[in-house]
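User: Could you take a close look at one part of this model for me, the nonpolar patch on its surface, and tell me how it sits in the chain as a whole?

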Amino acid sequence: MSLVFIGIDPNTGDHESPTVWVDPEANELVFQGWKPSPELQAECAALELPGHAVGIPEHEAVIRIR
């Protein structure tokens, strides 16, 4: 896999780095961001949307990009 850097939060400090890459082989976006608070994680897990299962599967994660 060879990721292509797209961008980083321009307001990031030296120790934080919300970043986006593209994986051209898989045609996917790859995000690095802040972990959600337990409250946000629970809110996302509880949402009921058409075509979207309730909960967050073990192989998925909630991230926050500012």
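Analyst: Happy to. A residue is called buried under 20% relative accessible area, exposed over 50% and partly exposed in between, using a 1.4 Å probe and protein chains only. Buried residues make up 12% of the 66 residues in the protein chain. This is a predicted model, where local features need pLDDT of at least 70 and side-chain atom pairs pLDDT 80 or more, while totals for chains, interfaces and linings use all residues. Numbering runs from 1 along each chain as its sequence is written, and side-chain values use heavy atoms, without hydrogens or water.

Now to your patch. L29, F31, I63 and I65 form a nonpolar surface patch of about 360 Å². A salt bridge here would be a side-chain nitrogen of Lys or Arg within 4 Å of a carboxyl oxygen of Asp or Glu. Areas are Shrake-Rupley values with a 1.4 Å probe, and for residues only the protein chains shown count as cover. F31 belongs to strand 3, residues 28-32, and is partly exposed because its relative accessible area is 41%.

As for the whole, the protein chain exposes about 5,400 Å², with carbon and sulfur atoms supplying 55% of it. Along the sequence the pattern is β-β-β-α, where helices (H or I, at least four residues) and strands (E, at least two) are DSSP runs numbered from the N terminus. The C-alpha trace spans about 35 × 30 × 20 Å along its principal axes.

Notes. Patches are made of residues with over 30% relative accessible area and no salt bridge: like charges are joined within 9 Å, nonpolar side chains (Val, Leu, Ile, Met, Phe, Trp, Tyr) within 5 Å.
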